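I opened the notebook to go through some strands and their pairing. Confidence comes at the end.

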Amino acid sequence: MAAARQVLWLWALLGVPRVLGEPIRYSVAEESESGSVVADVAADAGLTPAQLSARRARIASPAGRQHFGLERGSGRLVVAERLDREEMCGRSRTCTLAFELLLSDPLQFFPIEVSVEDINDHSPVFPEERVTFKIPETSDPGSRFPVGAAQDLDIGSNDIQAYSIVPENEFFTVFIPKENEKFIELVLQRPLDREEQPELDFTLVATDGGSPPRTGSAHIHVVVLDANDNIPIFTQKVYNGRVLENAHVGSVVLRVLANDADEGVNGDISYQFSQSIGHSHSLFKINSSTGEIEIAKPLDFEAAKKHELTVQATDGGGLSTMCNVVVEVMDVNDNAPEIVVSSFSSSVPENAAPGTVVALFTVRDQDSGVNGEVSCALEEEPAFSLRPAFKNYYELVTVSALDREETAQHIVVVTAADAGSPSLTTTHTFTVDISDVNDNAPVFNQTSYTMYVHENNVPALLVGAVKATDADAGANAKVSYSLVPARPPEREPCSCVSVNSENGDVFVLRPLDYEQLRQLEVVVSAADAGSPPLSSTVSVRLLVVDENDNAPLVLHPGAQDGSPPSSELVPAWAEAGDLVTKVVAVDADSGQNSWLSYQLLRATEPGLFAVGAQSGEVRLRRPPTDRDAVKQKLVVLVRDNGRPPLSATAALSVLLVHGSWDAQLPQQSPAAADDEDGALTTSLIIALVFVSLLFLVSAAAFVACKACKRKEPSSGPVLYGPSSVQSYLADGAAAGTLPHAYCYEVSLTTGSGNSEFKFLKPVLPSLPAQHSSAEFTGNHADDFPPAPMIMGDADFESPGIQSVGQFNGL
């Protein structure tokens, strides 16, 4: 034991991970109670109890039956169940139970052999409790009469050591043949006398060598007969036969033959098996007349390889003799291999390294010779392979990386086949589940998302959803969504968009205004619940759809400071189609919501003016007449193309200039004019008009003379109101409704301080646009030098506007 322990320690120091070459041997007496200590196997294996627990030590028995157990806490080998040597090994001289001490992590084997020592727990038993002999009185001294020997299941010194006759008599002694232990012989010491003693009774006792010794007995009854002086004699002392284990019931194995020199009834021989405590006699039957031995029950090589029988031949006179019959059973490949799984991990993580042990199993075959030679193979499974471990142990190991998303479960079929002909096979299926590892990030079903929301939306409006899937399983596939903080960090984060962390719904939290924010872009992150979590991001572009929520804004005419609108002047000689003014308006919306159309809503003379539906230009539909009112009021409706449409109105005031009378009309707001009444006011106006008319007639005559010398223009006059010309044009240009900014030079007539006229004249193109206009009013005489007659002319052309004018004051 000390030597074995030293070898174990040497192997441990050398780092040998597998198998100790020489087995550890112990002995234990049979009939030991369960829990009896056999030895301290941990110490003999060079291990500590803590190592046994840490490395998951256990006892592995090839036979599958656990006779012994291991106490991990103490490292002791104990008896697991009652041991019966005779049941396990029969009458074999040695009874050794072999098994292994198996350490799982790392894998290591320690072969162990336990010898079960016999104890004297069985008494001798004779085949028959009562034996009757019919012995002729003529039998000579020295005649021998066989008796089936007693049998003791114990071996060695506990087996039968002596036979005796009780009570002793003078007629018989016991003789034990040295070459045969199947029967003993009663030897006649002196002649029998039937007349003196026709019957004789005594007891044959068998004693074993145990301490204390055990005995068995058989009652012998002797009947003295008249003369039959020849006993049957077998042709062989021992008959040997061979038979296949799959031979049919009723097949003849062999025939025994005995001869008797007597004649008549004394020479007639009958055969029968001698009674035996074994089960071999039940497997065979003998023909009492012919001596043929036949198979009575199916044979099994694995149960018994050889059967020993005792055949007795008896003649008609009662004389008998015995012989031995040995039947050898030949093996047939009738047992398929067995696969016994020692350990199996049904679940393997997908990141397990190649070479990971999934299962440990052993293969065995109860047949012998080539029929018991077993090989293992693995059906096509590229991720796994078989690796021999120790003796007939195999390991099922991984050989490549596993991927649960590709294959979540592997069905591994192991086939064990023997070398018999035909070969028998056994399969065992290992179902290996691949447990998930968080190795896949969530993947969005789109590379980017575009969502739309109408402006002026309700708060917390659902506008769409993002969707990401994760190829992992369980918590590793549970996806949660969140907004990624703005980059760079100093940017103000978006507070108007939110995403549902569970289902990816995207909400707009507050109303949006298209005119302030037309689109925004956020980044949504999808993260799984693995450890550590994996994530991916996607860009979400939110486009604000314009709603028609802004009415048109009129830029011209109309003063931004709230003053009343100015009046436009139209001379009496204006032609149909001449431009009076242009309504300029803008809309803060976009698309069709900002498409503007113009319509004349109201007018003092509806048939006098027309408004361009798309341009907003106010033109004369016909030339003015004397019947038309001097002051014309127009209301232009500006409408967008939204649904529903929104609109605004522009109020225009137009003065029709009829000769000098019209030229001297006071230029004041319509509201003020409407308020003037009374005779005094009327008288003053009439006086003023006559004075002005006289001046205008003189001026008109002078202008007419000059005008005759000038070339007539190709287009009609361009008429503009008297106030804020420069500011109107600038506003129009800024609004984008006029293609160019125009600058004008203005000349005014002298006369009444309340009269105000503007005559347009093109400015030289060399002058800068922002400095090429001037506005003069006749309210102060110092604004221009006095002259009896003022002439103004202007020639210009512009897209959409007729722009040639010549005015002659009459």
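How many bridges join strand E26 to E29, and which way do the two run? I looked this up in the predicted model. I found 5 bridges between E26 (residues 357–364) and E29, and the two strands run antiparallel.

**Entry: E29 and its hairpin**

I then checked what else E29 pairs with. Strand E28 (residues 384–388) is joined to E29 by 5 bridges, again in antiparallel fashion. Here proline 388 stands opposite tyrosine 394 of E29. I noted that E28 and E29 make a hairpin, with 4 residues between them. In that turn, lysine 391 has a positive phi of about 50°.

Is E29 buried or exposed? I counted 6 of the 6 residues of E29 (residues 393–398) as buried, so the strand is largely enclosed by the rest of the structure. I also sorted its residues by direction. Tyr393, Glu395 and Val397 point one way, while Tyr394, Leu396 and Thr398 point the other way. All of them are buried, Glu395 included. In a regular strand, side chains alternate between the two faces of the sheet.

**Entry: E9 with E12**

I moved on to strand E9 (residues 144–148). E9 is mostly covered, with 4 of its 5 residues buried. Its link to strand E12 (residues 183–188) consists of 5 bridges, and the two run antiparallel. I saw proline 146 standing opposite glutamate 185 in E12.

**Entry: a sheet of three**

Which order do the strands take in the open sheet of 3? I read it as E2-E5-E4, with antiparallel pairing. The edge strands are E2 (37–40) and E4 (68–71), each pairing on one side only. Neighbouring strands of this sheet are turned by 25° against each other on average, direction ignored. I looked at one of the pairings: E2 and E5 (residues 76–79) are joined by 3 bridges. Valine 37 has valine 78 of E5 as its bridge partner.

**Entry: confidence**

I checked pLDDT last. The protein has a mean pLDDT of 78, and 79% of its residues reach 70 or more. Over residues 1–19 the pLDDT is below 50, and this stretch has 31 contacts in the model beyond near neighbours in sequence. Residues 711–810 also stay under 50, with 202 contacts beyond four places in sequence. Where pLDDT is low, the predicted coordinates should not be read in detail.

Notes: Residues numbered from 1 in each chain as written. Predicted model: local features only at pLDDT ≥ 70, side-chain atom pairs only at ≥ 80, totals over all residues. Heavy atoms only, no water. Buried < 20%, exposed > 50% of the residue type's maximum accessible area, 1.4 Å probe, protein only. Pairing = 2+ DSSP bridges. Axes fitted to C-alpha atoms, helices over the stretch in contact; angles between N-to-C directions. pLDDT = per-residue confidence, 0-100. Contact = heavy atoms within 4.5 Å.
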